[in-house]
Amino acid sequence: MRLETHYLQHLAAGYDRGAVLEELMQQYGGDLWRFAYFLTKRADAADDVVQEVFLAVYEQMYAFRGESSVRGWLLAMTRNKSYSYLKTAFVRKVTLMDIMDFGSTSPSAENELLFREDVRQLWDSVKELPLKFREVLILDYHYGMSIKDMALLLRLSEGTVKSRSHRAKGKLARLLKAAKGVDRI
């Protein structure tokens, strides 16, 4: 909440938009990239989406009305830009093979954690879910958003968010069972 207050004070005092943008990028850039990645399933698309989000923030900085948190505002913009990307003709009609060589560079501590076998299997299973289920799980578990905040961000009723969350967890459990070849998780 401190950053939201700080952000609003910057805007009210007429501070340099570049300084405000830089602060927002440092604070939220990683979260927005991860959210875009799990919606688009592509690292290069997540890069583009987050760049578009911050360009839009720079241009529309004064449009923030404070009806939600700054984080919620940025996540909503990221969701909208990700959906726009997924609707483009390029994405619908062209499938490119992603070639990534993680062995050529030394992995960061975060990458080592993410690529442990169990964690990787979990995230791979999450990425297999339909988009409407993926986003609810990511917002719930990764961002710790409440049902009410998710409903506001996704522009859905709280009941719909609860239903999607329940169905997403069931589908994820079945995917993990199938991947591990076990009867119970």
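Start with the crossing of helices H8 and H9, which is right-handed. To find it in this predicted model, select residues 131-142 for H8 and residues 147-154 for H9. The two helices pack at an angle of about 135°, and their axes are 10 Å apart.

On H8, pick Glu135, Val136, Leu139 and Asp140; on H9, pick Met150, Leu153 and Leu154. Colour them by class and you get five nonpolar residues, two charged ones and no polar ones.

How do H8 and H10 lie relative to each other? Their axes cross at roughly 100° and come within 9 Å, and the two helices are therefore roughly perpendicular. From H8, the contact uses Lys132, Phe133, Glu135, Val136, Leu137, Asp140 and Tyr141. From H10, select Val161, Arg164, Ser165, Arg167, Ala168, Lys169, Lys171 and Leu172. Colour this set by class too: seven are nonpolar, one is polar and seven are charged.

Stay with H10 for a moment.

Click on serine 165, which sits in H10. Is serine 165 buried or exposed? Its relative accessibility is 5%, so it counts as buried, the cut-off being under 20%. Leaving out residues up to four places away in sequence, serine 165 touches Val136 and Asp140.

Next, slide back to the loop between H9 and H10 and pick arginine 155. With a relative accessible area of 70%, arginine 155 is exposed. Look at its backbone as well: phi is near 60°, a positive value in a residue other than glycine. Most residues other than glycine have a negative phi.

There's another positive phi to visit. Go to lysine 41, in the loop between H2 and helix H3 (43-60). Its phi is about 65°, although lysine 41 is not a glycine. Lysine 41 is partly exposed, with a relative accessible area of 39%.

From there, move to glycine 18, in helix H2 (residues 17-40). Glycine 18 is partly exposed too, with a relative accessible area of 26%.

Now select helix H4, residues 70-87. H4 has 18 residues and reaches 26 Å from first C-alpha to last, close to the expected 26 Å. Its buried residues include Trp73, Leu74, Leu75, Met77, Arg79 and Tyr85.

Finally, zoom out to the whole chain. You'll see ten helices and zero strands. Of the 185 residues, 36% count as buried. Among contacts between residues at least 6 apart in sequence, 65% join residues at least 24 apart.

Note on methods. Residues are numbered from 1 along each chain as its sequence is written. This is a predicted model: local features need pLDDT of at least 70, side-chain atom pairs count only at pLDDT 80 or more; totals for chains, interfaces and linings use all residues. Side-chain values use heavy atoms; hydrogens and water are left out. Axes are lines fitted to C-alpha atoms, for helices over the stretch in contact, and angles run from 0 to 180 degrees between N-to-C directions. Helices (H or I, at least four residues) and strands (E, at least two) are DSSP runs, numbered from the N terminus. A crossing is left-handed if the near helix is turned anticlockwise from the far one by less than a right angle, and right-handed if clockwise. Contact means heavy atoms within 4.5 Å. Ala, Val, Leu, Ile, Met, Phe, Trp, Tyr, Cys and Pro count as nonpolar, Asp, Glu, Lys and Arg as charged, and the others, Gly among them, as polar. Buried means under 20% relative accessible area, exposed over 50%, partly exposed in between (1.4 Å probe, protein chains only). The expected span of a helix is 1.5 Å times one less than its number of residues. Angles under 35 degrees count as roughly parallel, over 145 as roughly antiparallel, 65 to 115 as roughly perpendicular and the rest as oblique.
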